[in-house]
Amino acid sequence: MKVILNDDVKHLGEMGDVKNVANGYARNYLFPRMLAVPYNDETVAYFEGKKAEIEERKAKKRADSQTLKEKLEAMTVELTVPAGANGKLYGAVTNLSLAEYFAKNGLEIERKRIEIPGLTIKNVGNYTFKVHLYEANVAEVKLSVLAQVDKTAETKKEGKPGKSAKAEKAEEAPAKTEEAPAETPAATEEAK
């Protein structure tokens, strides 16, 4: 069924776009929510009259995406992730983790618009990823993945080569207490 979109519909199109959709999708979803109207002479004439308004909205979206592109390309995203001594991450940096980073910093970018080369990043280092903005506008953003210092692993590594004085005392203390009770009963029998 041929329809004209009355509003922006995610994953379908923008206001004023003419689309071919399934009959059930149009009747059960688009028409009841006033997201689209049937394609006919009346609706075509109506949208021809609103063409200037629609183009103005698209121009505003293009300008907003251009300013966002400049802002993104000027920044360097720094993520600190738990990693091993060899620089391999315990997890991975994905488009979801980058979308969460942007959300924490006040930028609303969908994870589906973020493209990471190889889909995930699994090592510490510097990378570049793409953010698809409005239409064909794409921003290339620098990413620096840093290793998070694991303090518990460091203390375990430090304790392995030699035992500390406290550890040696703790091991000796139970041995002395076991010997002491064994001597006291023998000493009490001799005293009788």
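Guide: A cavity, as the word is used here, is a set of grid points where a 1.4 Å probe fits but cannot get out, and the model to which this is applied is a predicted one.

Visitor: OK, and how many cavities of 30 Å³ or more does the count come to?

Guide: By this rule the count comes to one cavity of 30 Å³ or more, and the largest cavity has a volume of about 40 Å³.

Visitor: Which residues line the largest cavity?

Guide: Its lining consists of Asp 8, Glu 14, Met 15, Ile 54, Arg 57, Lys 58 and Lys 61, which by class gives two nonpolar, no polar and five charged residues.

Visitor: Switching to the sheet, what is the order of the strands?

Guide: The sheet is open and has three strands in the order E2-E1-E3, paired in antiparallel fashion. Strand E2 (18-20) and strand E3 (36-38) are at the edges, and each has a single partner strand, so one side of each is left without a neighbour in the sheet. From one strand to the next, the twist averages 40°.

Visitor: And how many bridges join E1 to E3?

Guide: Three bridges join strand E1, which covers residues 2-5, to E3, and these two strands run antiparallel. Within this sheet, Leu 5 stands opposite Ala 36, a residue of E3.

Visitor: Which helix packs on the sheet, and what does it touch?

Guide: That is helix H2, residues 41-49, which touches E1 and E3 as it packs on the sheet. The direction of H2 makes about 25° with that of E1.

Terms used:
Residues are numbered from 1 along each chain as its sequence is written. This is a predicted model: local features need pLDDT of at least 70, side-chain atom pairs count only at pLDDT 80 or more; totals for chains, interfaces and linings use all residues. Side-chain values use heavy atoms; hydrogens and water are left out. Two strands pair if DSSP finds at least two bridges between them. Helices (H or I, at least four residues) and strands (E, at least two) are DSSP runs, numbered from the N terminus. Axes are lines fitted to C-alpha atoms, for helices over the stretch in contact, and angles run from 0 to 180 degrees between N-to-C directions. Contact means heavy atoms within 4.5 Å. On a 1 Å grid over the protein atoms alone, a cavity is a set of points where a 1.4 Å probe fits but cannot get out, and a pocket is an open set with protein on both sides within 12 Å along at least five of seven lines; lining residues have an atom within 4 Å of a point. Grid points are joined across faces, edges and corners, and a volume is the space filled by probe spheres set on the points. Ala, Val, Leu, Ile, Met, Phe, Trp, Tyr, Cys and Pro count as nonpolar, Asp, Glu, Lys and Arg as charged, and the others, Gly among them, as polar.
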